[in-house]
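Here is a short tour of the side-chain contacts in this protein. Keep the viewer open and follow along residue by residue.

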Amino acid sequence: MSMSTTKQTFSTGTDEATGSRESRYDAVVIGGGVGGLTAGAILAVAGRKILVVEAEAQPGGYARALRHGDYVFDRADHLIFGCAPESPFGPGLIDTVLRRLGVRDECDFVRMDHPIYVGQFPGVRVAVPHGREEYLDAHLREFPGQRTGLQRLVELSAKAARELAAFPVNPSVLDMLASPRRFPTLFRYRNATMSDVIDHELTDPVLKAVYETLWPWLGPPPGRASFLLWAAMMANYVEDGGYYCKGSYQRLADALATGLRRAGGELVLGTRVTRILTDAGQVRGVELATGQTITASHVISNIDPRETFGQLLTPAEINPRYLRRLQAAEAGHYLVGLYVATDLDVTALGAQHDTTLYKGIDHDRAFRDALAGDVSMLSILIPTLKDPSLAPAGEHLVILKAITPRSPTDTAAGSRLEELMLAFAEQTLPGLAQHLTFVAPDQSGGHTHDLGAYAGWAPTPAQTGARRLPQRTPVAGLILAGQWTRPVHGIWTVVKSGISAAGLILGSKMAAGLPA
């Protein structure tokens, strides 16, 4: 097995720098993840002078690819939606933003139709296709007596997705008062968990488990996760389809970075913001690790707000009630990734791009077991089935993801977790452990990569949508973007978050969600 660790980074066409070209900007964006890049690019297109500061050597955040020689791994993302010009829920958001920035031709999205994903449980395996009728048929072949309930869930999810697409990211008091009339589905199910609704509609416990296959990508298990968030995700996959960005999702981040630069914005890589500067409760700029002081009337933070308010500001600069809210909020669970390559003929084994394995049908128990250290569920992604260019000829990438109580703290714990993940993956890919051609190292020299609380705050009903941390903060001129703020995590939603953050600065100069 080759264990080469030569690491390369993607080029965005931006020179890596230790500081910015100038010292005064209209806005500084902290963090070059997808949300921050979207906000910065949209502001630049609108004529604002923008600086985006990213601590890593390449942009993208969770969309940042891991590249080792000829192997290109997606770090966290698996499927997105909104990539076509039109969808059942309106114009495709990703497509619209890329076109507005003039970089649509830099991303090639392939739709997963046959299937979108596979759910594999003891004694049952369901390959889930795109399309409402096809989706229903795939499930009802295994569970013929559950048509009425499953059809109601599909229809209810479509209603929720349609209303969520129209609901403001930062609703006014009038928006909230009008919710029962304008957004009846959102209002009715605002406090509902997945289990609250699914248990009412489905009676077969195995079908419930199969229907809930993708919950680990959402956050907490069905007994605690927001039904509305689940419904919107599933409706888009079923009605619009799941898409993969060929070349890895780094291509999407690079396209946003290109749009930023073409509009006159600046991206600084490999540099940290060490302080947000304020005066009398108003943002005045930032200080970089180089000691350079940048003046700006607005700062958009696209990083963990616990870092924003715990390290970049002092307690004296922050409303005490706001600090208490941050301290009381519940972060999402931890996720780890294992990135390997194999010379197995995965097609002959019947493997698909996106498979989730389970040891049983009780998802809430599976989550508890995972927090106790067992690999009771495992996501298996094989992106080379759609994009062979990601690996050398004759090899496939296999990306394994598991929920853990915390990131491994030592090499022994990481090695044990790696062994458990590979052993479980053998149920779909027999012989995998004996046919590894490459294992990507993590930063500590092990192999299990820490993805942290990738969902930001746990997306429970109490921390989703309008109840999530607002984008406006008590510090005037400081705005949040990304998975920790509204609306929630995921590429589609952090793009929407970036658009909204830009809109809070541009105000009436926004039209149809983008600069007029």
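## An aromatic cluster to start

Let's begin with the aromatic residues: Y71, F73, Y339 and F438 are linked into a cluster by ring pairs. For Phe, Tyr and Trp (its six-membered ring), rings pair if their centres lie within 6.5 Å; planes under 30 degrees apart count as stacked, over 60 as edge-to-face and the rest as tilted. The structure holds 13 aromatic pairs.

Before going on, a word about the model. It is a predicted one, in which local features need pLDDT of at least 70 and side-chain atom pairs count only at pLDDT 80 or more, while totals for chains, interfaces and linings use all residues. Residues are numbered from 1 along each chain as its sequence is written, and side-chain values use heavy atoms, with hydrogens and water left out.

## Two ring pairs across the chain

A pair of aromatic rings is described by the distance of the centres and the angle of the planes. Take F81 and W492: their ring centres are 5.8 Å apart and their planes stand at 40°, so this pair is tilted. It links distant parts of the chain, with F81 in the loop between strand 4 and strand 5 and W492 in helix 17 (residues 491–506), 411 residues apart. Helices (H or I, at least four residues) and strands (E, at least two) are DSSP runs, numbered from the N terminus.

F121 and Y358 make a stacked pair, with 4.8 Å from centre to centre and 10° between the planes. Because F121 lies in strand 8 (residues 117–121) and Y358 in strand 17 (residues 354–358), the pair ties together parts that are 237 residues apart in sequence. F121 counts as buried at 4% relative accessibility, and Y358 counts as buried at 2%. Here buried means under 20% relative accessible area, exposed over 50% and partly exposed in between (1.4 Å probe, protein chains only).

## Around F81 and D240

Which residues does F81 touch, not counting those up to four places away in sequence? They are I94, M233, N236, Y237, D240, G241, Y243 and W492, where contact means heavy atoms within 4.5 Å. F81 itself counts as buried, at 10% relative accessibility. As for Y358, its C-alpha atom is 25 Å from that of F81, and the two residues are 277 apart along the chain.

D240 sits in helix 11 (residues 227–240) and is buried, with a relative accessible area of 3%. Leaving out residues up to four places away in sequence, D240 touches F81, G82, S87, P88, R111, H130 and A235. D240 and A84 are 156 residues apart in sequence, yet their C-alpha atoms are 8.5 Å apart in space.

## Charges over rings

The charged end of K49 sits over the ring of Y25, 5.5 Å from its centre, and R190 lies over the face of F187, at 4.0 Å from the ring centre. The rule is that NZ of Lys or CZ of Arg is within 6 Å of the ring centre and within 35 degrees of the ring normal.

## Salt bridges

Side chains of opposite charge can pair when their charged atoms come close. With a salt bridge taken as a side-chain nitrogen of Lys or Arg within 4 Å of a carboxyl oxygen of Asp or Glu, the count comes to 14. One of them joins D95 and R99, whose closest N and O atoms are 2.7 Å apart. Both residues lie in helix 2 (residues 93–100), four residues apart, about one turn of the helix. D95 counts as buried at 2% relative accessibility, whereas R99 is partly exposed at 49%. D95, R99 and R104 are linked in a network of salt bridges.

E201 and R152 meet in a salt bridge of 2.6 Å, N to O. This pair links distant parts of the chain: E201 is in helix 8 (residues 194–201) and R152 in helix 4 (residues 147–166), 49 residues apart. Is E201 buried or exposed? At 17% relative accessibility, E201 counts as buried, while R152 is partly exposed, with a relative accessible area of 42%.
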